[in-house]
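Morning, everyone. Please put the model up on the screen, and I will walk you through it.

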Protein chains: 2
Amino acid sequence: MTERAESTDNDPLLAGEVDMRRTADSSERAYNTIRKLLVEFTLKPGERINEVQLSRSLGVSRTPIREALNRLASEGFVSLTPNRGFFVRSLSTEGLLDLYELRSIIECAAFKLMCERAEDSEIDRLRQYWEAIVDGYRDQAPDIILAEDEGFHLLIAELSGNPELVGQLSSINARIRFIRRIQIEHPSHDKAQVTSHSAIVAAAVKRDAENGMKLLREHIEMTVSATQQALKDALLKVFAPGNGADLKRRRRARDT
Amino acid sequence: MTERAESTDNDPLLAGEVDMRRTADSSERAYNTIRKLLVEFTLKPGERINEVQLSRSLGVSRTPIREALNRLASEGFVSLTPNRGFFVRSLSTEGLLDLYELRSIIECAAFKLMCERAEDSEIDRLRQYWEAIVDGYRDQAPDIILAEDEGFHLLIAELSGNPELVGQLSSINARIRFIRRIQIEHPSHDKAQVTSHSAIVAAAVKRDAENGMKLLREHIEMTVSATQQALKDALLKVFAPGNGADLKRRRRARDT
DNA sequence: GAACGCAATAGTGTAGACACTTTCTTGACG
DNA sequence: CGTCAAGAAAGTGTCTACACTATTGCGTTC
């Protein structure tokens, strides 16, 4: 970035000693790490987050931990109750459905705007994106499939021309990523999803907003219903026998 | 400022001197205060935020300031660039239109869901809410009008039954509040908005989703266009002659 | 034996210190 | 005059310390 920083070069006296470098991105790393812990259910829903313990396990002080947690609180991953600290926000089945509903709303609107506004070349980018991955789509590792799928939907949001939609969708995606991942690994993940995407692309090329929105809505609804059982399985796994007591440990149900 | 007092509990000599100032909500207050500074343009778009200065003027240390700023960054009010600090995110006309568009999307969807799901008694709450304020609506102080208007739209979101929509709309409202306030004070604020609300209520009572969404969309679009001139006036006032150079200072638009 | 203090412990909220980076200032050199 | 470099000043990023709050565990009372 800045190229005037070579002042330390002509300083042979210190050259051998200076190694331990302050990275100045502890907060960022803490944010990513904690978010991953949340997404992967390592930190379990409803659980209280112990800052000291977390800071020790991440090898940083509590300050960046707290900065990260504040951001995660704004994004809905955790909640903060005064003098009691941060809690992993529990995501009920119902809460998940709400999120999927919001996602459907955002995506449909984005699709419509894309049809109205995008350049032909941009629509073509969508087509190319999908064609490039459609062939081996279902043979990839779950993480790859998930990333490609998110990329597809996010691209639609981008082509809407409204950056706010992109931001919203990204945020929603992050919050439901864990369950989408589970669903992809679940046997219920089937080929219909691939055909859905293809049909959506076709509607985009024709700029058929009505039909595209209908397809999207159905695509997401299908995902939701396919996800129902996967979700139950996942929750059973998280609250596995042995620590099942966690389920009723909460005295005051606190939600934000 | 604060005396050490040896920090031991068996110290009755100093007992009378106790200052009950430990409120344990500095972060929260900092958040609200800074957000107000942003909404009211006291902190100007594009400006760099000086943490030390802010902490001095709020009478707290930098820690709660930074926690507040991190939350505000997640919400899109400010942006963070490493080693350079927080900046007031400038809201261009375009950015504002994007936000209004998002608002329209969320509200229309909420209205539709409300029509499909809400109990009759809930719809009636909406009707009552509006009837209770409609009479003196335009005679109130701008802040009251604004709160009542936000309350109206927020109630629709609540009646949609999807709490995520409420959260989204709240967040959007906060970000455009300053301009809505300006618009309300502007001569362009006229009676049509009142009739809009009444018509929307009527559609809700009839559960006419299609018509209600159309009304809402028009209502918001009307607001937007009425806001255009108000916005220009406001920006001129903010970047008053003397520091007008600020207008073109934006180099990279950064988002979070 | 159960309810109720009450001390001991664990954990959060904020302040202040310090290391590092960026930005500003100054003075030498072309 | 303008450019650049080196030091000074200003400001951010993180750590540690400590006051305060919540929780836990124990002993006392009825």
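Some ground rules. This is a predicted model, so local features need pLDDT of at least 70 and side-chain atom pairs count only at pLDDT 80 or more, while totals for chains, interfaces and linings use all residues. Residues are numbered from 1 along each chain as its sequence is written, and chains are lettered from A and ligands numbered from 1 in the order in which they are written.

Start with the fold. Chain A has 10 helices and 2 strands. Helices here are DSSP runs of H or I with at least four residues, strands are runs of E with at least two, and both are numbered from the N terminus. Along the sequence, the order is α-α-α-α-β-β-α-α-α-α-α-α.

How much of chain A is buried? Of its 256 residues, 31% are. Buried means 20 or more other C-beta atoms within 10 Å of the residue's own, exposed means 12 or fewer, and partly exposed is in between; the C-beta atoms are placed from the backbone.

Now contacts. Two residues are in contact if their C-beta atoms, placed from the backbone, lie within 7 Å. Take the contacts in chain A between residues at least 6 apart in sequence: 73% of them join residues at least 24 apart.

On to the interface. There, 22 residues of chain A contact 22 residues of chain B. On the chain A side, the elements giving two or more residues are helix 4 (62-74), helix 5 (93-117) and helix 8 (163-185). That side has 9 nonpolar, 5 polar and 8 charged residues. For the classes, Ala, Val, Leu, Ile, Met, Phe, Trp, Tyr, Cys and Pro are nonpolar; Asp, Glu, Lys and Arg are charged; the others, Gly among them, are polar.

How are the two chains related? A rotation of 180° with 0.0 Å of shift along its axis puts chain A on chain B, at an RMSD of 0.1 Å. That is the relation of a two-fold axis. The superposition is by least squares, on C-alpha atoms of residues with pLDDT of at least 70 in both copies. Also, 95% of the interface residues of chain A are interface residues in chain B too, so the copies meet through the same surface.

Zoom in on one helix pair. Helix 4 of chain A packs on helix 3 (residues 62-74) of chain B at an angle of about 35°, with the axes 8 Å apart. Axes are lines fitted to C-alpha atoms, for helices over the stretch in contact, and angles run from 0 to 180 degrees between N-to-C directions. The crossing of helix 4 of chain A with helix 3 of chain B is right-handed; that is, the near helix is turned clockwise from the far one by less than a right angle.

Who meets whom? From helix 4 of chain A come A:Arg66, A:Glu67, A:Asn70, A:Arg71, A:Ala73 and A:Ser74, and they meet B:Arg66, B:Glu67, B:Asn70, B:Arg71, B:Ala73 and B:Ser74 in helix 3 of chain B. By class, this contact has 2 nonpolar, 4 polar and 6 charged residues.

Next, helix 7 of chain A, residues 142-159. Its 18 residues reach 26 Å from first C-alpha to last, close to the 26 Å expected at 1.5 Å a residue. The expected span is 1.5 Å times one less than the number of residues. Its buried residues are A:Ile145, A:His153, A:Ile156, A:Ala157, A:Glu158 and A:Leu159. They pack against helix 5, helix 6 (120-134) and helix 8 of chain A. Just after helix 7, A:Gly161 takes a positive phi of about 80°.

Now single residues. A:Leu231 sits in helix 10 (residues 209-238) of chain A. Buried or exposed? A:Leu231 counts as buried, with 21 C-beta neighbours inside 10 Å. Leaving out residues up to four places away in sequence, A:Leu231 touches A:Thr93, A:Leu96 and A:Ile179.

Last, two loop residues with positive phi. A:Arg207 is not a glycine, yet its phi is near 55°. A:Arg207 lies in the loop between helix 9 (192-205) and helix 10 of chain A. With 14 C-beta neighbours inside 10 Å, A:Arg207 is partly exposed. B:Asn83 is not a glycine either, and has a positive phi of about 65°. B:Asn83 is in the loop between strand 1 (78-81) and strand 2 (85-88) of chain B. B:Asn83 is exposed, with 7 other C-beta atoms within 10 Å.
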